[in-house]
Amino acid sequence: MSSETEDKALKTVGLELMFLTPDKYSSSDGITAVELAKRIGLSVEIVKKKLNILKEKNIVRSKGINPKYWLFDDYNFQRLDDDDDIFHLLCNFDDVDFDRYFKY
């Protein structure tokens, strides 16, 4: 798998969590990796890997064990260094279709 594909998957997972509102959760604790994978059309294994990358950066947090629920941490995201690769990846909106996240 190329790094471009991996970056696209990481961006997809990150943006989906960033724009996910509580009314779209099946639980008030957040969304599971399985639910997230179904929403964005990626395999559960890839979604879990990307969630762990984001968790290492403290951009997402998890709650529970089985199932594990995931939430975006906006406060920690805003505190990331401006030079951080993941910060740049999630802030690059050139190829983002916002109709996916918002209903006008």
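Asp 73 is found in the loop between strand S3 (69-72) and helix H4 (74-78), where helices (H or I, at least four residues) and strands (E, at least two) are DSSP runs, numbered from the N terminus. The model is a predicted one, in which local features need pLDDT of at least 70 and side-chain atom pairs count only at pLDDT 80 or more, while totals for chains, interfaces and linings use all residues. Residues are numbered from 1 along each chain as its sequence is written, and side-chain values use heavy atoms, with hydrogens and water left out.

| Residue | Relative accessible area | Class |
|---|---|---|
| Asp 73 | 14% | buried |
| Phe 72 | 13% | buried |
| Ile 31 | 2% | buried |

The side chain of Asp 73 has a polar atom that lies 3.3 Å from the backbone nitrogen of Tyr 75. The side chains of Asp 73 and Asn 76 are joined by a polar contact of 3.1 Å, that is, a pair of N or O atoms within 3.5 Å, of which, within protein, one must be able to donate a hydrogen and the other to accept it, and residues adjacent in sequence count only if both atoms are side-chain atoms. Apart from neighbours within four places in sequence, Asp 73 is in contact with Asn 58, Ile 59, Val 60 and Arg 61, contact being defined as heavy atoms within 4.5 Å.

Phe 72 is found in strand S3, and, when residues up to four places away in sequence are not counted, Phe 72 touches Gly 14, Leu 17, Met 18, Ile 59, Val 60, Arg 61 and Phe 77.

Ile 31 lies in strand S1 (residues 31-32), and its contacts, leaving aside neighbours within four places in sequence, include Leu 17, Tyr 25, Leu 36 and Trp 70.

Turning to the helices, H2 (residues 33-40) and H3 (residues 44-56) pack at an angle of about 110 degrees with their axes 9 Å apart, where axes are lines fitted to C-alpha atoms, for helices over the stretch in contact, and angles run from 0 to 180 degrees between N-to-C directions. That makes H2 roughly perpendicular to H3, a term for angles of 65 to 115 degrees. On the H2 side, Ala 33, Val 34, Leu 36, Ala 37 and Ile 40 meet Val 44, Val 47, Lys 48 and Leu 51 in H3.

Technical notes. Parallel < 35°, antiparallel > 145°, perpendicular 65-115°, else oblique. Buried < 20%, exposed > 50% of the residue type's maximum accessible area, 1.4 Å probe, protein only.
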